[in-house]
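Here are some exercises to work through with the model open beside you. Try each task before you read its solution.

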Amino acid sequence: MAHSIDEVLKVHGLKITSTRKRVLGLYYQSDHALAHSDIEGQLDGEFDRVTLYRTLAAFEEKGIIHKVLDESGSVKYSLCNSSCQEDRHQDHHLHFQCEKCGNTFCLEGVHIPAPELPGGYQLSDWYMLAKGICQSCAVA
Ligand SMILES: [Zn+2]
Ligand SMILES: [Zn+2]
Ligand SMILES: [Zn+2]
């Protein structure tokens, strides 16, 4: 990790609080996207749901984490790389959901170019999800 968690919060204009440090720490420790419920499970009732929602919403707004949409039915988030800023996410890479463990990974190296749309449509964002077997499940 290039920056400490304190630095990341500071760079993105967020005050350093123990909640933010705890939650962001979990994202740094995880190699796959984490849903609200994953965080809740790991924190074991340390914070209430509303605080957690607000924390995740603030992280997303500030360009620290991005939404990862997969077929699990719950919104997951993953860390952004350093090119994301407030209200300007640049997470146009492939998301890969493993059919075995159910985890979804950011494949940062697989860039998804903007689709070309017919006239009259304005693009604001785009995603792509691939499914299959992840690296750790493939060797297991
Ligand atoms: Zn982002
Ligand atoms: Zn897997
Ligand atoms: Zn991603």
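**Exercise 1.** What is the geometry of the site of the zinc ion (ligand 2), and which angles occur among its four donor atoms?

*Solution.* A word on the model and its labels comes before the steps. This is a predicted model, in which local features need pLDDT of at least 70 and side-chain atom pairs count only at pLDDT 80 or more, while totals for chains, interfaces and linings use all residues. Residues are numbered from 1 along each chain as its sequence is written, chains are lettered from A and ligands numbered from 1 in the order in which they are written, and side-chain values use heavy atoms, with hydrogens and water left out.

Step 1: list the donors, meaning N, O and S atoms within 2.8 Å of the metal (3.2 Å for Na, K and Ca); water is not among the atoms, so sites may look incomplete. The SG atoms of Cys 98, Cys 101, Cys 134 and Cys 137 coordinate the zinc ion (ligand 2) at 2.3 Å.

Step 2: check the angles. They run from 104 to 118° among the four donor atoms, and the site is tetrahedral (four donors with all angles between 85 and 135 degrees).

Step 3: read the spacing along the chain, which is C-x2-C-x32-C-x2-C for these donors.

Step 4: compare accessibility, where buried means under 20% relative accessible area, exposed over 50%, and partly exposed in between (1.4 Å probe, protein chains only). Cys 98 has 2% relative accessibility and counts as buried, whereas Cys 101, with 35%, is partly exposed.

**Exercise 2.** In what order do S4, S5 and S6 stand in their open sheet?

*Solution.* Step 1: strands are DSSP E runs of at least two residues, and helices are H or I runs of at least four, numbered from the N terminus. Two strands pair if DSSP finds at least two bridges between them.

Step 1: the order is S5-S4-S6, with mixed pairing. S5 (104–111) and S6 (129–132) each have a single partner strand, so one side of each is left without a neighbour in the sheet.

Step 2: S4 (residues 93–98) runs antiparallel to S5, joined by five bridges; Gln 97 has Thr 104 as its bridge partner in S5.

**Exercise 3.** Which strands does H2 lie across?

*Solution.* Step 1: H2 lies across S1, S2 and S3, at about 80° to S3. Such angles run from 0 to 180 degrees between N-to-C directions, with axes fitted to C-alpha atoms, for helices over the stretch in contact (heavy atoms within 4.5 Å).

Step 1: those strands form an open sheet in the order S1-S3-S2, with antiparallel pairing. S2 and S3 share four bridges, and Lys 67 stands opposite Tyr 77 in S3.

Step 2: the buried residues of H2 include Val 23, Leu 24 and Leu 26.

Note on methods: Four donors count as tetrahedral if all angles lie between 85 and 135 degrees; four count as square planar and six as octahedral if opposite donors are over 155 degrees apart and all others between 65 and 115; anything else is irregular.
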